[in-house]
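Here is a short report on one strand and its surroundings. Look at the model first, then read on.

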Amino acid sequence: MHVIVSKEGSGYYLSRVFAYYNPGGHHPYYLIWNEDKTRLIRWEHFRYSLHQQAIIIDMNQDGWVADEDRHGCVDFLTKDIVDDIVGREVQPEDILEKCRQLDIGYTYNETPEVKVDDDIETLYWATGAFHDGIIYKQEIQDDNTLYLYFKGIWGCEVELWFWGDLEYDLSPRDPDNDNQYWYGATVIIDNGYIYFRDDDDLTLEDYKEPSFSHVRARHMKYHIIPTC
């Protein structure tokens, strides 16, 4: 698991996540690196209100001990160790070294293509399933790719590209009317197509229901832009 870490004030950096917990269901936090990768820190998911200060860009939890809600940690830690280590002035070098080893070889793809269901889950986590999003910019590019730029999402903005046998109608959430906010989104992969629609938990049968904005294409990729 990896996150974009938004720093207080301005700027951001990337970190591998070594633990994720959500006590009470409303206070998610991570064990991550500080910016210099010299110590492990506890980092709250939200800075204030609903502004994400940790944006998930990779959901992979290989080598973790985690429950069905993804709460847990890498297999050489426990929750007791996680809670203890963040309060130590000097942290155990053997644990820091194991964490460094996990970082080796990771490359961040800033514009991943959505190809499998795990990619959809990562996109949902990063964007909060587009809740409160508004399409700030929409255009058809020279190669017939549909480009969308979303603002209003908690802690980030998002660029999207759709191409290949493109079909779409975004008028139900026209940014120039009073019904511009996306309250959620559904992405489905089926029979070689990507379906993208503007509400939660929709099905293929809902695809052309006129109250929903929708896009269908062979391909979809995205870019997360943190708003510090």
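Predicted model: local features only at pLDDT ≥ 70, side-chain atom pairs only at ≥ 80, totals over all residues.

## A facing pair

Tyr-147 stands opposite Trp-161 in β10.

Residues are numbered from 1 along each chain as its sequence is written, and side-chain values use heavy atoms, with hydrogens and water left out.

## The two partners of β10

Strand β9 (residues 146-151) runs antiparallel to β10, with five bridges between them. Two strands pair if DSSP finds at least two bridges between them. Four residues lie between the strands in the hairpin of β9 and β10. There, Gly-152 has a positive phi near 90 degrees.

Strand β15 (residues 219-226) is joined to β10 by eight bridges, also antiparallel. Trp-161 stands opposite Lys-221 in β15. Val-158 stands opposite Ile-224 in β15.

## The sheet

The open sheet has four strands, in the order β8-β9-β10-β15, with antiparallel pairing. β8 (134-140) and β15 each have a single partner strand, so one side of each lacks a neighbour in the sheet. On average, neighbouring strands are turned by 15 degrees against each other, direction ignored. Axes are lines fitted to C-alpha atoms, for helices over the stretch in contact, and angles run from 0 to 180 degrees between N-to-C directions.

## Cover

Seven of the eight residues of β10 (residues 156-163) are buried, meaning under 20% relative accessible area with a 1.4 Å probe, protein chains only. Helix α3 (residues 117-127) lies across β10 and β15, at about 30 degrees to β15. Contact means heavy atoms within 4.5 Å.

Methods. Buried < 20%, exposed > 50% of the residue type's maximum accessible area, 1.4 Å probe, protein only. Helix = DSSP H or I, 4+ residues; strand = E, 2+ residues; numbered from the N terminus.
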